[in-house]
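Please open the model in your viewer and keep the selection tool at hand. We will take it one stop at a time.

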Amino acid sequence: MFLFPIIYIVFFSIAVIQLLKSKIDGALLFIIFGLPIYITSLSTTFMYGLPLLVPILQSFKEVIMLLTFLIVLLSLKKKPRLYFIDIIILVYLFYIICYTVIPIGEFSFKERLIALKSISFFPLIYFSGRLIDPKKVNLNKHFQYICIIAIPAAVVVLW
């Protein structure tokens, strides 16, 4: 049962090593193999009496996405063209940042920052994927990985 956190940590390590070599494939491997077992890994870690490890494991996904976003930004050769959906997501991000900075409601600034971290995760993932150069990623290989995960998951769900 402790296999899930080990798999999660292994794919995090692989992703970090790949990303430090500027290979975006590492982030995709983590997204395909690590994120589907995210909650199970946290639950298993907590179940085995290691509650201090849970916040560390929780931060892995943010670390991977921030690292991916920074690498994608640094590898841009020219200014990207923004489409309407990009502008909408940037407006959304600006809106949630304004909510965090302006003292509205009963929540403390710390609580609003934690909410910002959670809510801004979607725009971070969106722009990381949107700005990736498709020539640098072998999509056929990753589609096969998705199938490798999806088929057993479907069997488990049907069972």
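Predicted model: local features only at pLDDT ≥ 70, side-chain atom pairs only at ≥ 80, totals over all residues.

Residues are numbered from 1 along each chain as its sequence is written, and side-chain values use heavy atoms, with hydrogens and water left out.

**Stop one: the helix pair.** Select residues 3-20, helix α1, and residues 25-34, helix α2; helices are DSSP runs (H or I, at least four residues), numbered from the N terminus. Their axes come within 7 Å and cross at roughly 165°; axes are lines fitted to C-alpha atoms over the stretch in contact, with angles from 0 to 180 degrees between N-to-C directions. That makes α1 roughly antiparallel to α2 (over 145 degrees).

Now show the side of α1 that makes the contact (heavy atoms within 4.5 Å): Tyr8, Phe11, Phe12, Ile14, Ala15, Gln18 and Leu19.

**Stop two: the second largest pocket.** Select Phe4, Ile7, Phe11, Phe33, Pro36, Ile37, Ile149, Pro152, Ala153 and Val156, which line this pocket. A pocket is an open set of points on a 1 Å grid over the protein atoms alone, where a 1.4 Å probe fits, with protein on both sides within 12 Å along at least five of seven lines; lining residues have an atom within 4 Å of a point. Helix α8 gives the most to this lining, with 4 residues.

**Last stop: the largest pocket.** Of its 15 lining residues, Leu76, Lys78, Pro80, Arg130 and Leu131 are the closest to its centre.

Methods:
Helix = DSSP H or I, 4+ residues; strand = E, 2+ residues; numbered from the N terminus. Parallel < 35°, antiparallel > 145°, perpendicular 65-115°, else oblique.
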